[in-house]
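This report describes the packing of helices in a predicted model. The sequence and the structure are shown first, and the description follows.

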Amino acid sequence: RERVPLGWASTQNNLGRALWAIGQRESGSEHLVEAIAVYRDALEERRRERVPLDWARSRSDLGNALMTLAQRESGILRLQEARRCLEDAWRTFNKAGISQHDADFRQRLEAIDGIIRERRSDD
């Protein structure tokens with residue numbers, strides 16, 4: 001398949017961030033769903049083996065959007081996917097020696113774990 005420039009993927013990721021920011025402020029989920037789709041598109045080009053740190057940023061952004069949407073829904077599947085995304089990103093950053101966001105990642109993962117525990121106890 002033809003390679004799409006990484007600049008396009010970066011633009012997609014920025015679009016995803018804008019859509020996520022809008023979606024956080026609205027009661028509906030349309031912009032969050034769109035942000036998730038855009039992040040997934042960006043990740044088609046921002047592959048781990050090609051650009052690991054950009055891949056990790058997009059995975060983290062996707063995890064954030066999934067978590068935001070999951071908090072508005074019931075169930076745990078999106079939360080579990082958000083957790084995997086954030087863990088992947090955190091591991092990649094740590095492997096590259098980037099640790100300044102450790103506390104933020106821990107906090108988000110703990111929040112996800114808490115919501116999952118709560119929803120499982122409600123079942």
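In general terms, nonpolar side chains tend to be buried together in soluble globular proteins.

When its neighbours within four places in sequence are left aside, Ile112 is in contact with Met67, Leu79, Ala82, Arg83 and Leu86.

Two packed helices are described by the angle between their axes and the distance between the axes. The table gives these values for two helix pairs.

| Helix pair | Angle | Axis distance |
|---|---|---|
| H3 and H4 | roughly 155 degrees | within 8 Å |
| H4 and H5 | about 160 degrees | 10 Å |

How are H3 and H4 oriented relative to each other? Their axes cross at roughly 155 degrees, and angles over 145 degrees count as roughly antiparallel; H3 and H4 are therefore roughly antiparallel to each other. The crossing of this pair is left-handed. Sorted by class, the contact of H3 with H4 comprises 15 nonpolar, four polar and six charged residues.

The angle of about 160 degrees between H4 and H5 is likewise to be read against the cut-off of 145 degrees, and H4 and H5 are therefore roughly antiparallel to each other. H4 passes H5 in a left-handed crossing. On the H4 side, the contact is made by Leu79, Gln80, Ala82, Arg83, Leu86, Glu87, Ala89, Trp90, Phe93 and Asn94. On the H5 side, the residues include Phe105, Arg106, Leu109, Ile112, Ile115, Ile116 and Arg119. The residues of the contact of H4 with H5 divide into 11 nonpolar, two polar and eight charged.

Is Gln12 buried or exposed? Its relative accessible area is 13%, and buried means under 20%; Gln12 is therefore buried. Not counting residues up to four places away in sequence, Gln12 touches Val38, Asp41 and Ala42.

Note on methods
Residues are numbered from 1 along each chain as its sequence is written. This is a predicted model: local features need pLDDT of at least 70, side-chain atom pairs count only at pLDDT 80 or more; totals for chains, interfaces and linings use all residues. Side-chain values use heavy atoms; hydrogens and water are left out. Contact means heavy atoms within 4.5 Å. Axes are lines fitted to C-alpha atoms, for helices over the stretch in contact, and angles run from 0 to 180 degrees between N-to-C directions. Helices (H or I, at least four residues) and strands (E, at least two) are DSSP runs, numbered from the N terminus. Angles under 35 degrees count as roughly parallel, over 145 as roughly antiparallel, 65 to 115 as roughly perpendicular and the rest as oblique. A crossing is left-handed if the near helix is turned anticlockwise from the far one by less than a right angle, and right-handed if clockwise. Ala, Val, Leu, Ile, Met, Phe, Trp, Tyr, Cys and Pro count as nonpolar, Asp, Glu, Lys and Arg as charged, and the others, Gly among them, as polar. Buried means under 20% relative accessible area, exposed over 50%, partly exposed in between (1.4 Å probe, protein chains only).
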